[in-house]
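Open the model in your viewer and keep the sequence panel beside it. The tour goes from selection to selection.

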Amino acid sequence: MVPDSIRINPSILAADFVNMQTELGRIAAADFVHVDVMDNHFVPNLTFGPQMVERIQATSPVPLDVHLMITDADRWAPGYAELGAASVTFHLEAATDPVSLARRLRQIGARAGVAVKPATPVEGLYDVLDEFDQILVMTVEPGFGGQSFMADQMPKLARLHDEARRRGSQVWLQVDGGVSESTIAQAAEAGADTFVAGSAVFGADDPARAIEALRGLAGSAHRH
């Protein structure tokens with residue numbers, strides 16, 4: 001049995017942008033579609049902005065999990081919630097007032113997520129865990145798809161998991177970067193319950209089967 005708490009969110013960074021609607025249809029078995037918004041400033045890459053996200057929102061068979069790798073998140077993040085994204089995650093390093101921003105996202109109707117780069121400690125989030133619905137621990141440096149999974153982030157994730165459980169928090173713990181059938185168990189053992197996978201899903205001949213396999217591996221290894 002796979003726990004209901006395991007979520008697989010394929011990243012459209014690995015999709016064929018020219019055939020986006022078809023690509024979205026291939027991942028109808030997923031829990032969310034992970035949408036990376038990059039501004040070529042906070043990270044050295046550029047993807048797309050609100051107009052593209054709005055079109056994805058209109059055509060996706062699963063809810064949107066928007067990950068904002070952009071500067072001035074306080075200003076721009078609420079707009080993505082207003083487009084109807086189910087979840088909006090901004091970077092702790094890019095927000096002036098993370099708690100106020102999270103409250104604003106929730107007020108609009110989105111789940112509020114906060115992300116941390118590999119070098120950013122998570123201890124500063126401990127006292128405000130309940131202000132967030134999701135914490136994203138990056139397992140690569142943000143900005144590019146196809147990087148290798150950083151196993152050295154697992155102790156940080158495990159500490160966060162244990163502190164969240166100690167406090168009775170129901171916050172989702174997400175990992176993003178290098179997640180595949182060979183790495184997902186490590187992240188699940190450390191406490192992750194929500195997994196962003198790019199090429200492991202979109203690069204598979206049968207994305208639905210790939211999603212099922214990832215979900216099963218994570219469920220078997222998940223740290224409760």
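A residue counts as buried when its relative accessible area is under 20%, and as exposed when that area is over 50%. Keep those cut-offs in mind for this predicted model.

**Stop 1: glutamate 163 and arginine 166**

Select glutamate 163. Its relative accessibility is 12%, so glutamate 163 is buried. At 60% relative accessibility, arginine 166 is exposed. The two side chains form a salt bridge, with N and O 2.7 Å apart. Both residues sit in helix α5, three residues apart, which means about one helical turn lies between them.

Together with Glu163 and Arg166, they are linked in a network of salt bridges.

**Stop 2: glutamate 123 and arginine 159**

Stay with helix α5, residues 154–166, and pick arginine 159. Which residue forms a salt bridge with arginine 159? It is glutamate 123, and the closest N and O atoms are 3.1 Å apart.

**Stop 3: helices α3 and α4**

Select residues 73–82 for α3 and residues 98–108 for α4. How do the two axes run, roughly parallel or roughly antiparallel? They come within 9 Å and cross at roughly 15°. That angle is under 35 degrees, so α3 is roughly parallel to α4. The crossing is right-handed.

Show side chains at the contact. From α3, display Ala73, Asp74, Ala77, Pro78, Ala81 and Glu82. They meet Leu101, Arg104, Leu105 and Ile108 of α4. By class, this contact has seven nonpolar, three charged and no polar residues.

**Stop 4: glutamate 82 and arginine 104**

Side chains of opposite charge can pair when their charged atoms come close. Zoom in on glutamate 82 and arginine 104. Their side chains meet in a salt bridge, 3.6 Å from N to O. This pair links distant parts of the chain, with glutamate 82 in α3 and arginine 104 in α4, 22 residues apart. Glutamate 82 is exposed, at 52% relative accessible area. Arginine 104 is partly exposed, at 34%.

**Last view**

How many does the structure hold? The count is 11. Among them are glutamate 163 with arginine 166, glutamate 123 with arginine 159, and glutamate 82 with arginine 104.

How values were computed:
Residues are numbered from 1 along each chain as its sequence is written. This is a predicted model: local features need pLDDT of at least 70, side-chain atom pairs count only at pLDDT 80 or more; totals for chains, interfaces and linings use all residues. Side-chain values use heavy atoms; hydrogens and water are left out. Axes are lines fitted to C-alpha atoms, for helices over the stretch in contact, and angles run from 0 to 180 degrees between N-to-C directions. Helices (H or I, at least four residues) and strands (E, at least two) are DSSP runs, numbered from the N terminus. Angles under 35 degrees count as roughly parallel, over 145 as roughly antiparallel, 65 to 115 as roughly perpendicular and the rest as oblique. A crossing is left-handed if the near helix is turned anticlockwise from the far one by less than a right angle, and right-handed if clockwise. Contact means heavy atoms within 4.5 Å. Ala, Val, Leu, Ile, Met, Phe, Trp, Tyr, Cys and Pro count as nonpolar, Asp, Glu, Lys and Arg as charged, and the others, Gly among them, as polar. A salt bridge is a side-chain nitrogen of Lys or Arg within 4 Å of a carboxyl oxygen of Asp or Glu. Buried means under 20% relative accessible area, exposed over 50%, partly exposed in between (1.4 Å probe, protein chains only).
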